[in-house]
Amino acid sequence: MPRQLLTNARIYTLNPSQPSASALFIEGDRIWAVGDTSDFASGMVNKAEILDLRGQVIFPGFTDAHIHLEHYALIQAKIDCSTSTKDECLLRVKARTRETPPGVWIQGHGWNQNNWVEGFGTATDLDAVAPHHPVYLTAKSLHAAWVNTAALQIAGIDGTTPDPKDGQIQRGVTGNPTGILFEGAMKLVSEFIPEPDEAQLDQAILSAQTKLWQLGITGVHDYDRQLCFQTLLRLHAQSKLCLRVVKNIHLEYLPSAIEARLLSGLGDNWLRLGGVKMFADGALGPHTAAMFQAYSDEATNCGILLLNAEELFEYGRLASDNGLPMAIHAIGDRANHEVLNALEQLRAYESAHHLPALRHRIEHVQVIHPEDVSRLAELSVIASMQPIHATSDMPMVDRLCGERGKRAYAWRALIDAGTTLAFGSDAPVEDPNPFLGLYAAVTRRSADGSPAPEGWYPEQRLSVHQALIAYTQGPAYAAGMETTLGQLAPGYLADLIVLEKDPYTCDLDDLKDIHPVATMIGGEWVWGKKPSGS
């Protein structure tokens with residue numbers, strides 16, 4: 001096996017028993033020893049490639065604990081709809097029609113009606129700029145879609161179409177669809193959009209893999225659907241997958257997973273099965289997150305509760321009976337409360353039936369009732385959160401939630417209660433750059449420094465170390481891989497990143513501008529400039 005000795009480095013191992021070192025000995029895909037150069041026997045050193053880091057910083061590789069890998073990969077070819085005005089978005093759609101044959105779908109992503117003076121767009125708006133194409137534009141949250149009349153006609157949606165159980169068709173005063181679809185209603189149109197072929201998907205995922213390496217991401221927990229899983233399996237079989245992926249399955253695939261006896265952890269160190277993803281509610285942006293009190297700008301709207309505690313428990317019981325933990329999307333305070341009630345029932349069920357206490361997790365935990373903050377730790381439930389959501393959503397949360405904003409993105413309160421945090425990005429909803437997330441977690445400020453030097457509800461800020469743990473050890477624990485990933489210690493996989501700037505000592509404002517200079521996964525330098533030999 002090839003051996004490498006990395007020397008003259010500032011190594012932060014995140015191993016409590018040996019937090020720092022200056023040399024790292026790697027054999028094959030594993031770390032063999034950590035210490036100082038003088039700690040290694042001369043015979044060992046003579047048989048290794050010696051690489052001089054010249055004082056650069058080494059950290060364990062980061063894991064994005066919540067990403068939509070297929071969506072992130074494919075979004076690169078779609079229209080960027082994250083504009084400050086609705087008119088600018090419409091101009092981008094019009095420009096795309098000039099290079100798209102009539103009748104072919106035009107797709108885009110990233111609009112946010114909360115940033116537009118007019119609010120939501122309409123099908124008529126899109127008809128004016130794309131009269132000869134069906135148009136499907138997903139919101140920044142991925143919980144709403146904006147479509148034109150051609151798309152509605154293809155899907156057979158009109159004033160008589162009922163709302164699906166898990167979604168809503170926005171309607172005008174006459175009852176006719178406006179062109180905005182929420183949650184499960186999005187599928188009424190999206191199922192008519194042709195899927196990319198295998199070659200297109202393979203190339204998109206491989207390109208995304210390279211982009212993630214460049215950001216210092218060595219692993220992800222993916223939440224896309226079956227097509228993504230099939231692509232990952234295909235790439236893995238071809239030895240092209242060089243990103244550690246924990247693949248979570250969606251609720252509709254639970255019966256198939258049980259029939260096939262698929263257990264969490266099945267797979268290997270590159271691709272393994274995680275848990276079962278289900279949705280308790282929607283998102284704050286489109287006002288579909290389930291809240292105890294109505295949104296400040298819609299006096300009768302408390303969002304959409306997609307699954308209540310009893311329904312969640314029944315699904316959770318079925319999953320736990322078959323060795324699959326739950327990963328439940330919950331954003332509003334009511335949704336989080338329902339999920340915790342379900343998980344409390346499930347923990348009692350696991351105990352009564354002598355089942356293992358699986359590593360259940362709540363995805364997002366964006367707004368939580370004060371009485372529920374301690375319950376995650378009490379129930380050993382992981383909080384899978386995305387710090388960059390907070391700095392993107394601050395103005396919207398203040399406007400939609402008022403005083404409830406102080407209970408939003410409550411990282412410090414959760415960690416103080418003993419909760420394990422696993423950080424990610426929710427890309428393509430947000431930028432997957434973990435250093436933007438690190439900056440958000442420790443400053444609670446936007447890139448321009450707003451809203452104030454001390455940050456937004458600064459009592460929820462984390463230390464740099466706490467945030468780094470949430471990007472490394474937290475995801476490893478959530479995946480049941482804490483003995484192989486998340487720190488640089490003997491026996492662990494050699495996944496690491498090289499930095500020129502030290503997150504522990506640099507100015508907090510500089511965190512968002514850090515870029516890795518090299519990334520290693522499994523002992524291989526997959527991106528950047530490999531350190532020179534000495």
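Modeller: In this predicted model, the lining of the second largest pocket splits into eleven nonpolar, seven polar and seven charged residues. Nonpolar means Ala, Val, Leu, Ile, Met, Phe, Trp, Tyr, Cys or Pro, charged means Asp, Glu, Lys or Arg, and the others, Gly among them, are polar.

Biologist: Which residues lie nearest the centre of that second largest pocket?

Modeller: Lys140, Ile388, Val429, Glu430 and Asp431, out of a lining of 25 residues.

Biologist: What volume does the second largest pocket have?

Modeller: About 660 Å³, counting the space filled by probe spheres on grid points joined across faces, edges and corners.

Biologist: And which element gives the largest share of that pocket's lining?

Modeller: Helix H13 (387-401), with three residues. Helix H2 (69-75), strands S9 (79-80) and S10 (106-111), and H15 also supply at least two each. The helices (H or I, at least four residues) and strands (E, at least two) are DSSP runs numbered from the N terminus.

Biologist: What lines the largest cavity?

Modeller: It has 21 lining residues, with Thr63, Ala476, Leu485, Gly486 and Asp495 nearest the centre. By class that's ten nonpolar, nine polar and two charged.

Biologist: And which residues line the second largest cavity?

Modeller: Among them are Thr63, Asp64, Ile217, Ile388, Asp431 and Tyr471. Thr63 is also one of the residues nearest the centre of the largest cavity, and Ile388 and Asp431 turned up nearest the centre of the second largest pocket. Strand S8 (62-67) and helix H15 (434-443) each supply at least two residues of this cavity's lining, which divides into five nonpolar, five polar and two charged.

Biologist: OK, salt bridges. How many does the count come to?

Modeller: 28, each being a side-chain nitrogen of Lys or Arg within 4 Å of a carboxyl oxygen of Asp or Glu. One of them joins Arg225 and Glu252, at 2.3 Å N to O. That pair links distant parts of the chain, 27 residues apart, with Arg225 in the loop between S15 and helix H8 (226-237) and Glu252 in the loop between S16 and helix H9 (254-259).

Biologist: How does Arg359 pair up?

Modeller: Arg359 bridges to Glu482, with the closest N and O atoms 2.8 Å apart. They sit 123 residues apart in the chain, Arg359 in the loop between helix H11 (333-352) and strand S19 (361-364), Glu482 in the loop between H17 and S22.

Biologist: Why does Arg359 count as partly exposed?

Modeller: Because its relative accessibility is 26%; buried is under 20%, exposed over 50%, and partly exposed in between (1.4 Å probe, protein chains only). Glu482 is partly exposed too, at 27%.

Biologist: What about Glu314 and Arg317?

Modeller: Their side chains meet at 3.0 Å, N to O. They're three residues apart in helix H10 (residues 309-321), so about one helical turn separates them.

Biologist: Which residues form a network of salt bridges?

Modeller: Asp80, Glu88 and Arg92.

Biologist: What are the ground rules behind these values?

Modeller: Local features need pLDDT of at least 70 and side-chain atom pairs 80 or more, while totals for chains, interfaces and linings use all residues. Residues are numbered from 1 along each chain as its sequence is written, and side-chain values use heavy atoms, leaving out hydrogens and water.

Note on methods. On a 1 Å grid over the protein atoms alone, a cavity is a set of points where a 1.4 Å probe fits but cannot get out, and a pocket is an open set with protein on both sides within 12 Å along at least five of seven lines; lining residues have an atom within 4 Å of a point.
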